[in-house]
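Please open the structure in your viewer and keep the selection tool at hand.

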Amino acid sequence: MSDITFIVFGATGHLARTKLIPAIARTVGAKDIRDFAFIGVGSSPRSDDVLRTKVGDALADADVASDLRDRVLAAPIRYVSASIDGFDDLEHTVDQVEREAGLSGNRLIYLAVPPSQLDATVRGISSTTVAKSDGWVRLVVEKPFGVDLATARHSNAIIHETFDESQVYRIDHFLGKETVRNLLVFRFTNSLFEQTWNRNHIASVEITVAEESGVDGRAGYFDESGTVRDMVQNHLTQILTLIAMEPPVKMDAASIHQEKVKVLNSARPITSDDAILGQYGAAVIDGEQVVGYRDEPGVSDESTTPTFAAVRVSIDNWRWNGVPFYLRTGKRMSARMSQIAVRYHRPPVCLFHAEGECEGHQNILKLRLQPDEGFELFFDVKQPGPGTEIGRIPLAVRYDDLVNEAPDAYETLLTDVVEGDQTLFVRSDEVEAAWELYAPLLDRTDIHTYPAGTDGPEHADDLLVGFDTWSNVRRTFSR
Ligand code: BG6
């Protein structure tokens, strides 16, 4: 594998510490990249040694193997303060490090910066020779990409002044999760599912991402974003497009992106009846007092930023007309769990249950992202013995039973960037179509409070009437 210069903006931030630095190290290990350098860019003044210590701490916290840790720490590690030294210093540092280490100029530029800093950062890079190299140059941009349609369009235009779309990797780490990567394989290689994956057989699809944690010291970022921008517009929508898309002509990035965009373009405009937003309030969880969102450090006590969203999306195309897609996500929920539940229609005549009791007896396919990545197919069987008592059983597969440890999503995606594979990244028109879809939710201030540690505002279940509430989903997990 050829050599690489990793240039990371936001190198001393939370994401870099918990995810990026460990993922870079593991990618270097997995791809056996022998020659590389790490240039971290941040806003505060810091020395190279401080960055080196932070890199070492991040690798230790993530339990990266000690030989790999030593290899990373032996590579050139340099810090540049973009706001103090400016972008000229970045250009100088990149040139110097590559010359001294004999690197050929393959540059992976990772922008782990909030949307408000994206345009200035890209302009700064474009004012230097950092984006011009004899090697390859790839730009990775963290989500959320923009804060609405206008800003996303603007950022795309600024990026395209310097970078070709084939160099741009808009990252959504959910696309690197094992269950999500499996979705297309699952759908298109198993005729059992492929042939029933439509409105004739499927009654509804629920995509749930529930988190137990609150804002975890990220209030500065989160209070500006809120759940619709932080989770719905990207993570949950990416899952939705993979579930709903038509088979691509080929399994390449362009063909897949094409089909995903068509899904978003077929979505019916969302109205206020299609969404319920919430914000967690104070509560006692397991005997401990938990503060409400507005009392979190760094959050205004009048904040109307949502920490919960339940949204109904309708895809008005031939395959999905009449099938609701429910997206639900929240912080400070009763449990941490993410799953996709595909609910099939029940049989036309209810033979074995009293009328009205058949609803809970559809076949359900659950694809679980966490905990315990895997999938379960639920169906009814006759309980052994006299009579016709019906029991509900799952056919279950856990990835942990198949592999020792699945790679972290960031490692998977960084490896793809290194290999130049854009399949699991988000194209410019995709990100814009997603912003357009959720535009009516971005400035909503009718936010329902829910106690921390619960399943969200009660109203949310009205939207989801007849479907799993989180408590039901949770029971399934703790079986
Ligand atoms: C991030 C969001 O993209 O995803 C966070 O900004 C969220 O708010 C996180 O907690 C969830 O990711 P994971 O991989 O921990 O489920």
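**Aromatic pairs and a charged neighbour**

A search of the whole structure finds nine aromatic pairs, where rings of Phe, Tyr and Trp (its six-membered ring) pair if their centres lie within 6.5 Å, and planes under 30 degrees apart count as stacked, over 60 as edge-to-face and the rest as tilted. Select Phe 9 and Phe 87, whose ring centres are 6.1 Å apart with planes at 20 degrees, so the pair is stacked. This pair links distant parts of the chain, with Phe 9 in strand 1 (residues 4-9) and Phe 87 in helix 4 (residues 82-101), 78 residues apart; helices (H or I, at least four residues) and strands (E, at least two) are DSSP runs, numbered from the N terminus.

This is a predicted model, in which local features need pLDDT of at least 70 and side-chain atom pairs count only at pLDDT 80 or more, while totals for chains, interfaces and linings use all residues. Residues are numbered from 1 along each chain as its sequence is written, and side-chain values use heavy atoms, leaving out hydrogens and water.

Next, select Phe 222, Tyr 280, Tyr 293, Phe 308 and Tyr 450, which form one aromatic cluster. Within this selection, Tyr 280 and Tyr 293 make an edge-to-face pair, 5.7 Å centre to centre and with 80 degrees between the planes.

Then select Lys 177, whose charged end sits over the ring of Phe 174, 4.6 Å from its centre; the criterion is NZ of Lys or CZ of Arg within 6 Å of the ring centre and within 35 degrees of the ring normal.

Finally, select Leu 351, in the loop between strand 13 (337-344) and strand 14 (364-370).
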